[in-house]
Amino acid sequence: MREFRYEKAADPAGAVALLAGAPEGAYLGGGTNLVDLMRLGVATPDVLVDVRTLTSDLVEELPDGGLRIGAAVPNADLAADLRVRQRFPLLAQALLAGASGQLRNRATTGGNLLQRTRCTYFTDVTQPCNKRAPGSGCGAVTGLHRNHAVLGATDEGPGSPHTCVATHPSDLAVALRALDAEVRVLGPGGERTVPMADLHRLPGEDPSRDTTLAHGELITAIDVPGLPWAVRSRYRKVRDRASYAFALVSVAAAMDLDGSTVRDVRIALGGMAHAPWRATVAEDALRGGPATEEAFAAAAEAELAAARPLPDNAFKVPMATSTLVRTLLQISAEARA
Amino acid sequence: MDQQITLQVDGARSALTVDTRTSLLDALRERLGTTSAKKGCDHGQCGACTVLLDGRRVNSCLVLAVTAEDAEVTTSDGLAADGPHALHEAFVDHDAYQCGYCTPGQITSAAGVLAEAAQGWPSAVTEDLAAERTELTDAEIRERMSGNLCRCAAYANIVPAVAEVAAAQGVRA
Ligand SMILES: Cc1cc2nc3c(=O)[nH]c(=O)nc-3n(C[C@H](O)[C@H](O)[C@H](O)COP(=O)(O)OP(=O)(O)OC[C@H]3O[C@@H](n4cnc5c(N)ncnc54)[C@H](O)[C@@H]3O)c2cc1C
Ligand code: SF4
Ligand code: FES
Ligand code: FES
């Protein structure tokens, strides 16, 4: 591990100032991803600015019935918050489906959103990887890619500097994407708000960048707008073992029913792309239509028409389709009960 | 880069100088000679290094020692300060180990599970998320203890050991 200086700041502005003066420095949240990547030699900061307890650790009410989540709120505490459990069950379920009790106790809301991909070429410094070592190629696209992306990836062959088929591993981010959350960020130039839709990016021609944040921008809070019908929402995660594993495929969904008609719906998919994938094609197909298994399946298939699977992850397409159908059926059954 | 820190471990305070790269786990084992917490993977994947940090279970391999300065660290040994903890006795009674390597992590993790249940925290298998009370069924115990691997596969005895203490503490019928 590279040697580093450990710094604490008096307040968020102080932390931002410290990193503004340290081009190779990084913020330290719970460290459950960053310390691991430093030990692997994947992350090599020369300064760590500890922000684990620096930003708000409170979940506060917003006037519209939504919640403002401080970036320092641990994943475990957020999942246990009764308002989250009652108003946004998909958010609590996404958190509880991730990692382990120990990790959730330490991991922060801000750090969770900025965790890096679990692609095994990214985490092995002896392998080619455009994300870790830009221009070195992509080991996964012709190698082990069972867990990799089927939507929105860049595949120009293993030698291209643009190729990346990695997925974003956060469960929380998928639920927040479905809820149209907004990320509050403090940078050297002041505060700004980044919609979840714009936070994570697709690899495009630069797989090295996971997000649109600039170096030194500090996440201070996440705003989840009020959505009364999110009381009927679900996060469903499919993985290789029942617990303590990353998603192969996941679905975050909320649905508002008028009798047997879909008045409105929110769907985001995890494990499918370099960013949480908002299923707008499926949403448009469902809105105003019948809440039936046939309609759910048709909408899921319409969304997945854009999929470009690799040889070993084609199973994700039918898996995402059936997981989405099951999730919507479950929500509509609960609505009728 | 060296930094001076004070760690409070199982009730005793120690001042030491550590390289900032040192994990809490290595500081405990290599510097303070407290070998209760074990190193299985060093990547947050096995739970053998679990300790209580201000009463919350965490993986000490992913905690930098410099960040634990103001916290109280409790290992499985520390839980036995006044004689064996109820969890220690239950693990012995139920034969909830074979080689014992994962056991200190299982014990501290189980202590965390009991505290979380007492606060009404839900898990991924909790049916009614809005319920304020937690009932530690076998399925709940399995899910909540999933961050602790046991290569000897003593799971079948770990679950009843934790269940017995949960019942005694009123978080299981
Ligand atoms: C074995 C294992 C299994 C896991 N399983 C899952 C899973 O199933 N699902 C899942 O979603 N996650 C899983 N995780 C990942 C875990 O959720 C993340 O490691 C955790 O959420 C990261 O939060 P942290 O606070 O520890 O971040 P850190 O590791 O401290 O930081 C992560 C990144 O965020 C940056 N950062 C931290 N805070 C801020 C801030 N406020 N502003 C700007 N930048 C910041 C850091 O510089 C770093 O780049 C798993 C992890 C492990 C080790
Ligand atoms: S998929 Fe992306 S992260 Fe994985 S090896 Fe290819 S470039 Fe690297
Ligand atoms: S040694 Fe820490 S989780 Fe394995
Ligand atoms: S008792 Fe041997 S690893 Fe658990």
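**View 1. Who sits around ligand 2.** Ligand 2 has 15 residues around it, and the closest are A:Cys119, A:Cys129, A:Cys138, A:Cys164 and A:Val165; a residue counts as near if one of its heavy atoms lies within 4 Å. This is a predicted model, where local features need pLDDT of at least 70, side-chain atom pairs count only at pLDDT 80 or more, and totals for chains, interfaces and linings use all residues. Residues are numbered from 1 along each chain as its sequence is written, chains are lettered from A and ligands numbered from 1 in the order written, and side-chain values use heavy atoms, leaving out hydrogens and water. The shell of ligand 2 splits into 10 nonpolar, 4 polar and 1 charged (Ala, Val, Leu, Ile, Met, Phe, Trp, Tyr, Cys and Pro are nonpolar; Asp, Glu, Lys and Arg charged; the others, Gly among them, polar).

**View 2. Ligand 1 and its neighbours.** Here 32 residues gather around ligand 1, with A:Tyr27, A:Gly29, A:Thr32, A:Thr108 and A:Asp171 nearest. The site is shared between chains, because residues from both A and B surround ligand 1. By type, this shell has 13 nonpolar, 15 polar and 4 charged residues.

View 3. Polar contacts are pairs of N or O atoms within 3.5 Å. The side chain of A:Asp171 puts an N or O atom 2.7 Å from a nitrogen atom of ligand 1. On its own, ligand 1 exposes 980 Å², and the protein buries 94% of that (Shrake-Rupley accessible areas, 1.4 Å probe).

Key:
Polar contact = N/O pair within 3.5 Å; in protein donor to acceptor, adjacent residues only side chain to side chain.
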